[in-house]
Amino acid sequence: MSRGHERGLLGRPRDPGGIALVHEGREFTFGDVAALGEDVAGHVESHLLKRRVIGVPAERGPEFVARLAGVWGAGAVPAILGDWGPERVRGALTATRAAATFGPSGRLDLLDTTADEQPEETSHILFTSGTTGSPKGIVVGRTAFEAATTAFFEELPMDASDRVAFLSRPGHDPSLRELIAPWLTGATLFIPGRRTAADPRLMAAWLAEHAITVLQGSPVLLQLMAGSSPPVDSLRLVCSAGARLTAAALRATAGFAPHATIANCYGASETPQVLCMHQVPPGEGAASEDPVPIGRPLGHAVIKIVPADGEGRLHVEEAACALGYTDGTPLLSPGQDGRRWYDTGDIVRRLPDGSMCFVRRADRQVQVNGARVELDEIEGAAAKVAGVVESVATFVEDSAGVGSVRLTVVGGTATEDEIRAVLRDYLDPAVMPSSIEVRDAWPDDDEAAATLMEVLHQSARSALGGGEIDPDGGFFEAGFTSMSLMRFVSEVSVRLGAEISPLLVFQYPSLNSFADYLRETGADASEGG
């Protein structure tokens with residue numbers, strides 16, 4: 001597109017007749033996407049919105065790609081909005097002082113056209129978790145974003161023969177790598193339909209059907225696909241991103257993609273794209289043990305561990321970081337060397353070979369389903385519910401890397417359904433609590449245990465957001481998606497005090513068959529079932 005060379009990696013010139021992306025069987029050439037982007041850019045320019053923030057709802061489809069290309073091409077700044085409830089969307093637009101946003105119909109709706117212009121260096125705005133129940137915008141700079149993206153594709157080269165799957169959650173940092181791949185490498189982006197993207201069984205079959213060569217996903221999503229499919233021989237590269245990669249997840253992925261290099265990608269939205277990487281060659285993942293390294297920094301980044309000996313906090317030098325937060329919260333702090341650094345809050349350890357491994361967080365920020373969230377944000381959202389007096393959010397994770405949030409509400413008059421309805425408006429769906437417990441008082445140590453079937457039914461109800469399911473019906477037929485299944489398995493694991501692999505939901509695909517397995521293996525003993 002003619003404007004695109006000035007702003008945005010989606011403006012890189014390509015053969016207009018080449019296939020850029022395929023969506024539900026329809027091919028879009030680079031020329032097609034450029035034309036769609038030009039139309040968007042024309043609307044943006046007609047409202048004089050250059051260098052102003054425009055909300056762009058993220059979705060799996062060519063329209064999302066075209067809107068990003070058009071907004072960038074017109075010199076405006078996209079604020080990338082997730083699949084959120086109306087209150088969270090409103091909070092994100094307010095936080096960025098957006099001048100306009102694309103509405104549900106695709107129309108550009110004007111908001112505050114008097115908003116200040118963004119610096120020319122601003123590329124886009126992503127959102128992370130705040131501590132008040134509202135999203136916090138991360139202002140990403142063009143130089144850092146392009147340097148990180150270029151470094152990623154230099155480390156993991158792709159070409160026109162590659163078929164890249166768009167499976168990352170739209171609106172999250174990793175998804176931008178998938179969208180940009182065609183313009184930087186000539187690869188073709190394949191976009192699944194909504195139903196396929198929600199069901200790991202359909203997703204795995206879709207990968208094989210389209211001979212996908214490059215796949216990116218969270219560790220648990222990779223495990224779910226591995227458990228529901230025979231090996232996908234076309235895969236040559238699998239990137240694990242968005243959460244801690246465990247040896248169990250790595251081994252499952254190695255079996256699912258036997259010919260693929262598996263890259264453990266570490267980064268945060270504040271360090272745009274991948275910061276560190278550890279690669280596992282084909283055939284070597286099956287023998288992996290914990291901890292799986294996060295590797296070394298890519299060529300664009302400088303890091304340090306504080307303190308340098310033993311375990312310490314990972315710091316990233318300013319050049320590889322975002323420009324700042326929309327609320328003015330400081331992102332960088334000066335070091336003794338005179339340079340400015342970002343403290344990731346991640347505790348890491350240097351390994352004998354010089355690479356690093358992740359140990360734990362130093363605060364209450366956690367990763368759930370590939371999304372980072374402050375537990376304070378969940379508690380803050382719960383406080384917005386009429387009748388809630390006090391709440392505590394906790395995070396639990398099993399050895400397979402399946403993590404979930406549990407919310408306990410004490411006192412007040414609000415019901416679980418009322419609390420969940422409000423949380424849907426304010427929280428990213430990925431971080432919704434796997435269980436919400438409403439109590440009159442904090443539990444006593446001698447409180448009676450639930451039966452196994454009560455645990456399964458309660459956990460299923462929480463994961464689905466209400467209602468009951470047929471104990472003999474299939475999980476997916478009941479409306480479970482890969483995300484809600486992760487929440488279900490994690491909650492059951494925590495309540496039973498047992499390590500339960502998410503792959504078991506494919507072998508025992510109903511509540512009754514799952515319960516029978518748990519009884520046979522003795523996993524239900526701690527619940528008195």
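**Figure 1. Packing of helix 12 against helix 15 in a predicted model.** Helix 12 (residues 452-464) and helix 15 (residues 511-521) pack with their axes 10 Å apart, at an angle of about 135 degrees. That angle makes helix 12 oblique to helix 15, because angles under 35 degrees count as roughly parallel, over 145 as roughly antiparallel, 65 to 115 as roughly perpendicular and the rest as oblique. Axes here are lines fitted to C-alpha atoms, for helices over the stretch in contact, and angles run from 0 to 180 degrees between N-to-C directions. Helices (H or I, at least four residues) and strands (E, at least two) are DSSP runs, numbered from the N terminus. From helix 12, Leu452, Met453, Leu456, His457 and Ala460 meet Leu511, Asn512, Phe514, Ala515, Leu518 and Arg519 of helix 15; contact means heavy atoms within 4.5 Å. By class, this contact has eight nonpolar, two polar and one charged residues. Ala, Val, Leu, Ile, Met, Phe, Trp, Tyr, Cys and Pro count as nonpolar, Asp, Glu, Lys and Arg as charged, and the others, Gly among them, as polar. The model is predicted, with local features needing pLDDT of at least 70 and side-chain atom pairs counting only at pLDDT 80 or more, while totals for chains, interfaces and linings use all residues. Residues are numbered from 1 along each chain as its sequence is written, and side-chain values use heavy atoms, with hydrogens and water left out.

**Figure 2. Packing of helix 2 against helix 5.** The axes of helix 2 (residues 62-73) and helix 5 are 12 Å apart, and the angle is about 75 degrees. The two helices, helix 2 and helix 5, are therefore roughly perpendicular to each other. Phe64, Val65 and Leu68 of helix 2 make the contact with Leu176, Leu179 and Trp183 of helix 5. By class, the contact has six nonpolar, no polar and no charged residues.

**Figure 3. The second largest cavity.** A cavity is a set of points, on a 1 Å grid over the protein atoms alone, where a 1.4 Å probe fits but cannot get out; a pocket is an open set with protein on both sides within 12 Å along at least five of seven lines; and lining residues have an atom within 4 Å of a point. Grid points are joined across faces, edges and corners, and a volume is the space filled by probe spheres set on the points. The count comes to three cavities of 30 Å³ or more, and the second largest cavity holds about 70 Å³ of space. Its lining includes Phe152, Phe153, Met158, Arg177, Glu178 and Cys239. Helix 4 (142-155), strand 9 (163-165), helix 5 (173-185) and strand 11 (214-217) each give two or more residues to this lining. By class, the lining has nine nonpolar, one polar and two charged residues.

**Figure 4. The second largest pocket.** This pocket has a volume of about 940 Å³. Of the 50 residues that line the second largest pocket, Gly242, Ala243, Gln367, Ala371 and Arg372 are the closest to its centre. Strand 13 (residues 261-268) gives the most to the lining, with five residues. By class, the lining has 22 nonpolar, 13 polar and 15 charged residues.

**Figure 5. Backbone details at Pro291, Pro307 and Leu48.** Most residues other than glycine have a negative phi, and most peptide bonds are trans. A cis peptide bond joins Asp290 and Pro291, with omega about 0 degrees; Pro291 is in the loop between strand 14 (271-280) and strand 15 (296-297). The bond from Val306 to Pro307 is also cis, with omega near -5 degrees. Leu48 has a positive phi, near 55 degrees, and lies in the loop between helix 1 (30-46) and strand 3 (53-57).
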